[in-house]
Amino acid sequence: MISAAVVAAVVGFIPATAQAASPSTAPSTGASTTTPAAGAGKGAPSAGASARSAEDTAAEKAARDAVAKDIAAGNARAAKAKDGARSAAPGASGTSGTPAGSAEPYFQVSTGQSNRNAHGMGIAVGVSTDLTQGVVTYQVDWGDGSTSSDIGLLSEVRFLGHTFAKVGSHKVTVTATEAISKLTAATVFEQVVDGAEFTPHSPTRLLDTRDGTGAPAAGAVAPYATARVKIAGNGDIPAGVTSVALNITATNTAVDGHVIAYASGTKQPTTSNVNFTAGQTVPTLAIVPVGADGYVELANRSGSPVDLLADVTGWFSKSAANGYTSVKPARIADTREGRGTAQGQVAGQSSFALQVAGQGGLPAQGVAAVALNVTVTDPKGPGHLTVSPSGLQPSATSNLNFTTGQTVANAVIVPVGPDGRISVRNGAWGAADVIVDVTGYYSADGKAAYLPEEPRRLYDSRPWGPLSGRNFDREGVWTSGRALEALVLNTTVTNPQGSGHLAVAPEPGNLGGARPTPPDSSVLNWTKGATVSNLVQADFRNVEYVDIWNLGWEPTDLIVDLVGMYDRS
């Protein structure tokens, strides 16, 4: 996971070393370190930073230092071996120190690796040798069909960087050759870059404490206790997943509270994912890092037991799958006006098919999954809404839960059927209007890979005063030189003084001080006094800021947490 620290704390470098063919030794594999993401601050500079980030600078220094340390150790070993050879040689002089015989030349290459951004890595290279002078040529085969070379003196440590086209494991070969003696040494290692790509999964329930699905036994989660959800190795979800897309629902709530989702074996964050009041059933989409044991934890942060449900719609892993592409938020369905489907409310216990491929800025082919914001408004009775890929029977999961007359929204990530469509089912007995906005999609040719962040708060209006109506909060994230595609945010509205809705959009860089125009889409709807949260995958392509709009007429408090980012670099 990426740290929130501004400067990387790069530790645990174990250099890879390989000796020359004489004396021979097998190549060894080096350990790597991950460069943390930069800390974010309100209004901080953002994309397109030309200066090298503090993280990359620290990572390069750590790699160079590790190689220098390994070279010193190698030289000491070589000297000791030669001393031993001199002592063991027949007729050796014990006083002059001059060897009666000669030892084989010593020539060893050392490397220290660091990951950089989602697709990149850097290598520090150097040699330990008993040669007193010379020039070394380094040749790097990155394992993806590309090579790099560099040249330096025997005493120098060099640094080379590379960006891979795809995430995953890459077999890297480093060869060092001294120009005069022609001594050569090589090392081979596997390097896994930090970025993760998405594999969609048909909506499937992994946890339901009401009936014991995925739990040791049926029963609500006790106050301030946690429920463990098995992700890796559960059904067809493979081992090694790094994050998971879960729709988390809190139900049978007796008091106000919230749910925190986080990786098993890590410190519980102070942020929240699901917020609820007594008597509510509330779902919220979350992208949650998966612990080393393959589990995530769901913490009930309330003073009363609560039932929790978790439905999976896909996972992220450090292997080539589907990258993410942002689009300008676009409305592709609105039953109130007949956009994308027939005009008029969706009848209870009925579905409609929605074409998503080729709509709202999405390509006509190759869309594996789509990121949506789905809203139910003016329902004639309580119920739930289920979004699923076309061509399948509607699953027993739900994406939205609502009461009579309520307007409620939730982010949805859903696989797309072979015909480019999804299915939207109204599981209530009464009719309801449905609105669907698209924010991005996953495809095999998508360039952006996911980098989870340790959840951190970008903005909280409560200490300073609420965000006024028809106004916006501007947030910038220091990108550390990354080419960011989108920010993954958890947005929460609390203490609203009236009804309203929230919208999120990138701020163009050519406004010249003019006020930006709010988008016509929405990510969150609320009524007076409610606390409501939702996940937002905010477009951050080639911009410095993202604007978060209170499009109600009355003030409200706003909380914005950063939980991850999609990176093209």
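Among contacts in the chain between residues at least 6 apart in sequence, what percentage join residues at least 24 apart? The share is 79%, where a contact means heavy atoms within 4.5 Å. The model is a predicted one, in which local features need pLDDT of at least 70 and side-chain atom pairs count only at pLDDT 80 or more, while totals for chains, interfaces and linings use all residues. Residues are numbered from 1 along each chain as its sequence is written, and side-chain values use heavy atoms, with hydrogens and water left out.

The chain holds one helix and 33 strands, these being DSSP runs numbered from the N terminus (helices H or I, at least four residues; strands E, at least two). Of its 569 residues, 55% are buried, a term for relative accessible area under 20%, with a 1.4 Å probe and protein chains only.

Four of the strands form an open sheet in the order 18-25-20-23, with antiparallel pairing, where two strands pair if DSSP finds at least two bridges between them. Strand 18 (323–334) and strand 23 (408–415) stand at the edges with a single partner strand each, so one side of each lacks a neighbour in the sheet. From one strand to the next, the twist averages 20°, taken between N-to-C directions of lines fitted to C-alpha atoms, on a scale from 0 to 180 degrees. Strand 18 is joined to the antiparallel strand 25 (residues 433–443) by eight bridges, and Ala333 has Val436 of strand 25 as its bridge partner.

Elsewhere, His170 lies in strand 8 (residues 169–178) and counts as buried because its relative accessibility is 10%. Leaving aside residues up to four places away in sequence, His170 touches Trp142, Phe164, Phe189, Glu190, Gln191 and Val193.

Technical notes:
Buried < 20%, exposed > 50% of the residue type's maximum accessible area, 1.4 Å probe, protein only.
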